[in-house]
Amino acid sequence: QVQLVESGGGLVQPGGSLGLSCAASGNIFSIYSMGWYRQAPGKQRELVATITLSGSTTYADSVKGRFTISRDNAKKTAYLQMNRLTVEDTAVYYCNVDYIISPIRESLIAWGQGTQVTVSS
């Protein structure tokens, strides 16, 4: 079983910055991609950013230029650096991992429990 440990959430003022971390552990052979999603009250969960094993990244238009996703393959950890935060960024942020436990097995998806990010003055 895999476990995703998220950290870094909290309260920040508009225009401020915050960094999130997601560490994966357990029976993992390889992680294809890691990503961050968020869900605000009354809204569907949406993609924030993803990063592949090779380092290719994808960002939601709303965060492009402000957020940066990165990963440390050795540590099986993904990071999300969030800059110039706005109140619209307030949400629960969830870590997502697409991984395999064996090269002959199909990929699996794991989700973290989420960490609250609140942007308020």
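Val-12 stands opposite Val-119 in strand β11, so let's start with that pairing, where strands are DSSP runs of E with at least two residues, numbered from the N terminus. Val-12 sits in β2 (residues 10-12), and 3 bridges join β2 to β11, the two running parallel. Two strands count as paired if DSSP finds at least two bridges between them. This is a predicted model, in which local features need pLDDT of at least 70 and side-chain atom pairs count only at pLDDT 80 or more, while totals for chains, interfaces and linings use all residues. Residues are numbered from 1 along each chain as its sequence is written, and side-chain values use heavy atoms, with hydrogens and water left out.

Stay with β11 for a moment. On its other pairing, 3 bridges join β11 to β9 (residues 91-100), and here the strands run antiparallel. Val-92 is the residue that stands opposite Gln-116 in β11. In a regular strand the side chains alternate between the two faces of the sheet. Strand β11 (residues 115-119) has a covered face made of Thr-115, Val-117 and Val-119, and an uncovered one with Gln-116 and Thr-118.

Is Ser-120 buried or exposed, or partly exposed? Its relative accessibility is 35%, so Ser-120 counts as partly exposed; buried means under 20% relative accessible area, exposed over 50%, and partly exposed in between, using a 1.4 Å probe and protein chains only. Leaving aside residues up to four places away in sequence, Ser-120 touches Leu-11, Val-12, Gln-13 and Pro-14, where contact means heavy atoms within 4.5 Å. Ser-120 and Gln-13 are 107 residues apart along the chain, yet their C-alpha atoms are separated by 5.1 Å.

Now for the wider view. The chain has 0 helices and 11 strands; a helix here would be a DSSP run of H or I with at least four residues. Reading along the sequence, you get the pattern β-β-β-β-β-β-β-β-β-β-β. Among contacts between residues at least 6 apart in sequence, 55% join residues at least 24 apart. Along its principal axes, the C-alpha trace spans about 50 × 25 × 25 Å. With 121 residues, a compact globule would have a radius of gyration near 14 Å, and the chain has 14 Å, which agrees. That radius is taken over C-alpha atoms, and the globule rule is 2.2 Å times the number of residues to the power 0.38. Of the 121 residues, 42% count as buried.

Next, follow a run of neighbouring strands. β4 and β5 (residues 46-52) pair in the antiparallel sense over 6 bridges, with Gly-35 opposite Thr-50 in β5. These two strands form a hairpin with 6 residues between them, and Gly-42 in the turn has a positive phi of about 80°. Then β5 carries on to β6 (residues 57-59), joined by 3 bridges and again running antiparallel. Thr-50 turns up here too, with Thr-58 as its bridge partner in β6. β5 and β6 form a hairpin with 4 residues between them, and Gly-55 in that turn has a positive phi of about 100°.

Apart from residues up to four places away in sequence, Ser-30 touches Leu-53, Tyr-99 and Ile-100.

Ala-24 lies in β3 (residues 18-25) and, at 7% relative accessibility, counts as buried. Its contacts, not counting residues up to four places away in sequence, are Gln-3, Leu-4, Ile-31, Lys-75 and Lys-76. Ala-24 and Trp-111 are 87 residues apart in sequence and 10.0 Å apart in space, C-alpha to C-alpha.

Lys-76 lies in the loop between β7 (67-72) and β8 (77-82), and has a positive phi of about 55° although it is not a glycine. Lys-76 is partly exposed, with a relative accessible area of 26%. Arg-84, in the loop between β8 and β9, also has a positive phi, of about 50°, although it is not a glycine. Arg-84 is partly exposed, with a relative accessible area of 47%.
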